[in-house]
Amino acid sequence: MDFKLDSSTDSLRLRIRKFVDDELIPLEARPDAYDAHENINEDTLTKYRAKAREAGLWALQMPVARGGQGLSITAMAACYEEMNRSRFGPVVFNSAPPDDGNMIVLEKVATEEQKTRWLQPIVNGEVRSAFVMTEPAPGAGSDPSMMQTTARREGDRWIINGRKWFITAAEVVSHFILIAKTSDDPRKGLTAFLFHADQPGWRIVRRIPIMGPEEHGGHCELEFDGLEIPDENRLMQVGDGLKLTQIRLGTARLTHCMRWLGLARRSMEIARDHVGTRRSGGVLLADREGVQMMLGEAAMQIEIGRLLTMRAAARLDQGDFARKEVSMAKVVVAEALHKAVDTAIQLNGARGYSKDTPLEWIYRYAARRGSSMALRRSTRWFSHAS
Ligand SMILES: Cc1cc2nc3c(=O)[nH]c(=O)nc-3n(C[C@H](O)[C@H](O)[C@H](O)COP(=O)(O)OP(=O)(O)OC[C@H]3O[C@@H](n4cnc5c(N)ncnc54)[C@H](O)[C@@H]3O)c2cc1C
């Protein structure tokens, strides 16, 4: 399998690299660029989003007709890796989760009317979106069939009751994709809906504190108490909620891998810079065989992860769900990121444990791979269910 990029993708990738090097990595060093949750603050984000758009680096995953760059998934893999060498990259280019996965799935499954109303404003960067599936125990988590939030039909409306949690970005989004239970059918019991933040009948119970840096709008617990959704805001057919989730997660899980490879590479760059200048016992650290082996091991894991990611991307481009390939990539890349950032922290000595480099930020972010393990299992469940 040949993963050579065509010349236009490669030149886009290099333009992204330059933007990240010239604009975003210097920005990361400025304390005034951050919000209270260790993310880029909204004012700075608006300014840099405008620069990204002007540079033709906006919404890589969306069709050109919609204002995006129309990339294939393999092309996205190469470009997303470049973009996430900076922690600010994905959100500046409008390729950050959950908007990224939500835009991709809406482009695939929504009707034209739904796309105009619900998708285009996200692509334009006018609103943000959330995906509302996970519930506190004993509800749906790794196993979506345990869903307890219900959608009950009354004429041409659906009435939603239940509780969800870990809903990324909920505090700042306008557009929600909600998965709810519409019957007891084990395969066709879930349905997907769209609703707007201004609709009554739901509330944010709390923003859940987490150990790592947060996406804008946090990770929230939500309560639904009679939210009414018109049937025209149902996505796909009644009973297609699990199918929509599979369609969304197929690509969305792989885009996590693409982005994580960028963070892993950045970690290695920071390690390389340190061992390339720091001496011990009269010898450059980079010339110590033990150090070279640590770097080589981490680099090898990144390379394996990249190959698995590209292979899964190629299968998705061919129209396959690529469940096995995406799952393998997700497990290996999550481990590769953890290995790379841990190696970089160790090789930077005390500096690695400080907040003077982005390594500790990346390390806490990488701990999320626990939830990726859960998602890997959910894939196993999906493959039984479909
Ligand atoms: C940072 C973050 C952001 C998130 N954003 C969103 C979001 O925007 N929207 C949303 O809907 N959800 C979101 N989630 C939730 C995420 O999708 C769930 O955490 C995930 O699906 C796992 O569900 P759970 O947490 O209930 O784990 P559980 O299902 O309780 O699993 C607990 C552990 O058991 C393991 N396990 C489960 N089943 C098996 C099995 N059959 N065999 C062996 N081990 C098993 C899991 O791997 C996990 O390690 C987010 C989570 C995090 C951490």
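Close-up 1. Ile 159 has Glu 228 in S7 as its bridge partner. Strand S3 (residues 157-168) and strand S7 (residues 219-230) are paired antiparallel, with 10 bridges; pairing here calls for at least two DSSP bridges between two strands. Strands are DSSP E runs of at least two residues and helices are H or I runs of at least four, all numbered from the N terminus. This is a predicted model, in which local features need pLDDT of at least 70 and side-chain atom pairs count only at pLDDT 80 or more, while totals for chains, interfaces and linings use all residues. Residue numbers start from 1 along each chain as its sequence is written.

**Close-up 2. S7 also pairs with strand S6 (residues 202-207).** S6 and S7 run antiparallel and are joined by five bridges. Look for Trp 202, which sits opposite Phe 224 in S7.

**Close-up 3. Helices H3 (residues 73-83) and H7 (residues 241-275) cross.** Their axes come within 7 Å and cross at roughly 35°; the axes are lines fitted to C-alpha atoms over the stretch in contact, with angles from 0 to 180 degrees between N-to-C directions. On the H3 side the contact includes Ile 73, Met 76 and Tyr 80, and on the H7 side Thr 251, Met 258 and Arg 265 are among the residues met. Contact means C-beta atoms, placed from the backbone, within 7 Å.

**Close-up 4. Leu 316 in helix H8 (residues 289-317).** Leu 316 counts as buried because it has 21 C-beta neighbours inside 10 Å. Leaving aside residues up to four places away in sequence, Leu 316 touches Ile 73, Gly 250, Thr 251, Leu 254 and Ala 322.

**Close-up 5. The buried residues of helix H11 (residues 359-366).** These are Leu 359, Ile 362, Tyr 363, Tyr 365 and Ala 366. Viewed down the axis of H11, they fall within an arc of 165°, so they line one face of the helix; the arc is taken from the directions from the helix axis to the C-beta atoms.

Key:
Two residues are in contact if their C-beta atoms, placed from the backbone, lie within 7 Å. A residue is buried if 20 or more other C-beta atoms lie within 10 Å of its own, exposed if 12 or fewer, and partly exposed in between; C-beta atoms are placed from the backbone.
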